[in-house]
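Here's a quick tour for anyone meeting this structure for the first time. Take a look, and then we'll walk through it.

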Amino acid sequence: MKGILIVDDQQGIRMLLNEVFKKEGFTTHLAANGFDAIKIAQENTLDCVLLDMKIPGMDGLEILARLKEDHPELPVMMMTAYVEQHMMDRANELGVMKYFTKPFNIFEVRDEVNKLVEKTEKI
């Protein structure tokens with residue numbers, strides 16, 4: 001079964017994405033902060049991560065860097081309400097696959113994750 005980690009400090013967004021991806025047949029893992037996200041990634045097999053850029057405490061870039069340290073091939077897509085070029089440049093250097101600007105189209109997010117996971121399953 002496909003596994004996805006959803007990392008966002010906003011419970012409403014986590015719940016919405018959780019519902020959508022469960023319907024798509026994913027095993028979903030939810031984290032409200034970076035420490036939980038890292039722990040979940042260490043303890044589970046993941047096919048994709050949806051990661052919020054702005055999270056109190058450990059921000060999205062730090063979470064991304066730590067995830068990529070342990071799992072360099074893990075596809076990560078970032079969600080952000082604030083498009084800051086220097087942060088996006090750093091995320092690109094760290095290997096982010098795609099960005100979604102909040103508020104995002106839930107169907108577009110679903111379709112992009114499915115495409116990405118299908119592509120990586122074939123490799």
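## How it's built

The protein chain contains five helices and five strands. Keep in mind that this is a predicted model. Start at the N terminus and you'll pass through the elements in the order β-α-β-α-β-α-β-α-β-α.

## Overall shape

How does the radius of gyration of the protein chain fit with a compact globule? For 123 residues, such a globule would come out near 14 Å, and the protein chain has 13 Å, which agrees.

Now for contacts between residues at least 6 apart in sequence: 64% of them in the protein chain join residues at least 24 apart.

Of the 123 residues in the protein chain, 46% count as buried.

On the charge side, the protein chain carries 15 positive and 21 negative side chains. The centres of these two sets lie 4 Å apart.

## A closer look at Phe 104

You'll find Phe 104 in the loop between β5 (98-101) and α5 (106-122). Is Phe 104 buried or exposed? Its relative accessibility is 17%, and the cut-off for buried is under 20%, so Phe 104 counts as buried.

Setting aside neighbours within four places in sequence, Phe 104 is in contact with Ile 13, Leu 17, Met 79 and Val 109. Ile 40, meanwhile, sits 64 residues from Phe 104 in sequence and 25 Å from it in space, C-alpha to C-alpha.

Definitions and conventions
Residues numbered from 1 in each chain as written. Predicted model: local features only at pLDDT ≥ 70, side-chain atom pairs only at ≥ 80, totals over all residues. Heavy atoms only, no water. Helix = DSSP H or I, 4+ residues; strand = E, 2+ residues; numbered from the N terminus. Rg over C-alpha atoms; globule rule 2.2 N^0.38 Å. Buried < 20%, exposed > 50% of the residue type's maximum accessible area, 1.4 Å probe, protein only. Contact = heavy atoms within 4.5 Å. Lys, Arg positive; Asp, Glu negative; His and termini not counted. Charge placed at Lys NZ, Arg CZ, Asp CG, Glu CD.
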